[in-house]
Amino acid sequence: MAAEAREDNNNIVRTWVRQIKDLAYEIEDCLAEFTLHFEHRGRWYKLLALGTRHQIASNIRDIKAKVQEVSQRNMRYTIIEPLDSRYDTTSSYAQLSPRTSALFEEDSHFLDGPKATMIEWMNIKMDKQLSVIGVVGMGGLGKTTLAKKVYDSPEIKSQFTYRAWITVSQSFEMRDLIREMIKQLFGGQYDLIGNQDGGMKRVDQIILSLKDKLKDKAYFVVLDDLWTPQAWNSIKQVFPNNGKGSRVIVTTQNSDVAQDCDSLHTYIYRLGPLSDKDSHDLFLKKINRGNENYTLTEELKSVTTKILKKCGGLPLAIVTIAGLLANKPKRKEEWQKLLNHLGVELDTNPSAEPVKEILILSYNDLPYHLKTCLLYLSIFPEDFEIKRKRLVNRWVAEGFVREKSGLTPEDVADEYFYELIGRSLIQSSRVGIDGTIKSCRVHDITRELIVGKAIEEKFVFITGFALPEGIGNLKELQELLLARVGAANANAVDELQKLHQLKKLGVLVSVGKITSTRFIISIYQLSCLRSLDIKISSSGKAIRFLDSDTLPLFDNLKSLNLEGPIGRLPNWVGSLDKLMKLKLHETELEDGTISILQELPNLVLLSLSRRSYLGCELVFGEGTALKKLKMLQLQLGTLETLNFEELALPQFEILEIQMLDGESDLVIMGIPHLSKLKRMTIGNSHKVANLDTVQQHVESHPNHPVLEV
């Protein structure tokens, strides 16, 4: 009943958090619209139409009302308690379950070598000073199991009469931790908690009493699963260096904790993944429940290799997945099915809970900014080597990096990178001769959990993957980026229409491998879409690929990117009244087919690049509806004439043209008609036939625009 109550409460909290995130998306959209309309301060208010001001003000009022409603709901039901009411409690959820801690204890022969090394470090006769031994490695490598083997070994028991094993929670209370340590070290022999008058001592008084009792004793304490250097700095004051050969073992995923174990003598054991042979042996033993003589059939060997590659030498993952397979028929199809749907198994199968538990603990311990950076890694394909500079630059560009006095954003992002390395959540894969990490990888099992968490957090889906069957079950999904669509996953395409909350969609479509009808029917139902990015792969022109007799439900679409040889724009593009950004690339639109773009009343940015338009002339006439267009980007090799007629673009500010060598020269006309022009950039300006005239028009322009050539 208690477990069910906790689960019910977790569901309430998840629902409340989901509502908060939905509000965050609404606020983000409102700010984006505001920025696009009023990017240039000073004169924006006078230029702003009354209707637009009213609409944005109305949106802000609606969002404010929703924020108040969600806040009142929290106060009414106490969904989230105040921080100070729960900070100083020992949280059971923040500790590993005994089942997880002991999962592969009985099959831990691969730890015999590390155990022998640590027992040698533990020898009192070798060193009489207090020594701290840090065991470091990512979750699931067996740090706790290794420490337990050392703790329970007969030679260690004979050396230390006073021993204690303390599992440190992510949120621990110092008084409770010391009370448990005293109980294990001395049993009921001493009362170090109470005062003579019957009251309770302060924590600092208890620490002094404990140190006094330990001053002439050889003691051995294990601090299992220590999370932060701050936690170590609080606990270490308990341990006197009394010259009796005392030892403290600290297990941690955070290398900073191990480095901070600054006693007179510190040893660090970095526990790494298993070798291929040890991985194989452990897998076979678990799959056959201890039968070491079992050998795999030929058809199972290849899929076993793939499974062990996915496990990446992580013992906890190996025994967990082997445990799942032990209950399935020993057939290649069954094992392959589990491998293909491993992410779902880890998320939903109770037998896989230990792996999920240990990684979720690591995730929950991250500060918010590091959680965001970690979730971003879900966009990289499996086994991808991620270059550090590329990654930190992306974090900066995405706005994940906080300002820090005296440091550039890139320096701060580097700190984030090395902290994730230190916490064993990502692994270095290439190191320069100067010791700096050049690139990293994410363990496959960690990546599976990150992807699941990213979906749960509505953060992002994943880049460069085949759209999977079952995608329609992710009812709350809001972002689905660069999914590959083809014949192999045609059924999954039908499921797209179930994603009613989807706001951002990016797809790579193989024309000819899937009928346009199935694709169009699905995406046309996505009424919440705000951003649509379609890349079409085709051996020839995919004319009419996006056409349909039914108008799409794209009432909220604000950004549209089309790439690929569609030949003509579908008629529905002209009905996108809220569209603000339109980018076309290699669409090969024929002369005369582009006029539909001039029907978009709220378009702010238009980008036509690389064979997106094959016509020779582009004219913005007085009758165009593009009254809010501010920016035009052109990279067109066939264009010979660009003409802006009077009153056509009253809000236009920025013109960027990139001329192409070997293509037609361009004549630019009508610059004086762009009354609000602020900047004009021309690449390869020698390809502009009337460059002198353009320069004269810019120099004499009353708005004094900047010309960059």
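**Chain overview**

Modeller: Of the contacts in the chain (heavy atoms within 4.5 Å) between residues at least 6 apart in sequence, 68% join residues at least 24 apart.

Biologist: What kind of model is it, and how are residues numbered?
Modeller: This is a predicted model, where local features need pLDDT of at least 70, side-chain atom pairs count only at pLDDT 80 or more, and totals for chains, interfaces and linings use all residues. Residues are numbered from 1 along each chain as its sequence is written, and side-chain values use heavy atoms, with hydrogens and water left out.

Biologist: How many helices and strands are in the chain?
Modeller: The chain has 24 helices and 22 strands. Those are DSSP runs, numbered from the N terminus: helices are H or I with at least four residues, strands are E with at least two.

Biologist: And how much of the chain is buried?
Modeller: Buried residues make up 48% of the 709 residues. Buried means under 20% relative accessible area, exposed over 50%, and partly exposed in between (1.4 Å probe, protein chains only).

Biologist: Let's look at strand 4. Which residues are on each face?
Modeller: Arg 247, Ile 249 and Thr 251 are on one side, with Val 248, Val 250 and Thr 252 on the other, and all are buried. With six of its six residues buried, strand 4 (residues 247-252) is largely enclosed by the rest of the structure.

Biologist: Which strands are joined to strand 4?
Modeller: Strand 1 (residues 131-136) runs parallel to strand 4 and is joined to it by six bridges. Strand 3 is also parallel to strand 4, with four bridges. Strands pair if DSSP finds at least two bridges between them. Val 135 stands opposite Thr 251, while Val 222 has Ile 249 as its bridge partner. From strand 3 the chain crosses through helix 10 to strand 4, a right-handed β-α-β crossover. Right-handed here means that, with the strands pointing away from the viewer, the path from the first strand over the helix to the second runs clockwise.

Biologist: Switching to helix 8: which residues are buried there?
Modeller: Met 174, Leu 177, Ile 178, Met 181, Ile 182, Leu 185 and Phe 186. They cover an arc of only 135° around the axis, which puts them on the same side of helix 8. The arc is taken from the directions from the helix axis to the C-beta atoms.

Biologist: What covers them?
Modeller: The cover includes strand 2 (162-167), helix 9 (203-214), strand 3 (219-224) and helix 10 (229-235).

Biologist: What comes just after helix 8?
Modeller: Gly 187, which takes a positive phi of about 65°.

Biologist: How about helix 15, which residues are buried and which are exposed?
Modeller: In helix 15 (residues 332-340), Glu 334, Trp 335, Leu 338 and Leu 339 are buried. Seen down the axis, these buried residues fall within an arc of 135°, so they line one face of helix 15. The face turned away from that buried side carries the exposed residues Glu 333 and Asn 340.

Biologist: Last one: is Asn 643 buried or exposed?
Modeller: Asn 643 counts as buried because its relative accessibility is 17%. Asn 643 lies in strand 18 (residues 641-644). Not counting residues up to four places away in sequence, Asn 643 touches Leu 618, Val 619, Phe 620, Met 669 and Gly 670.
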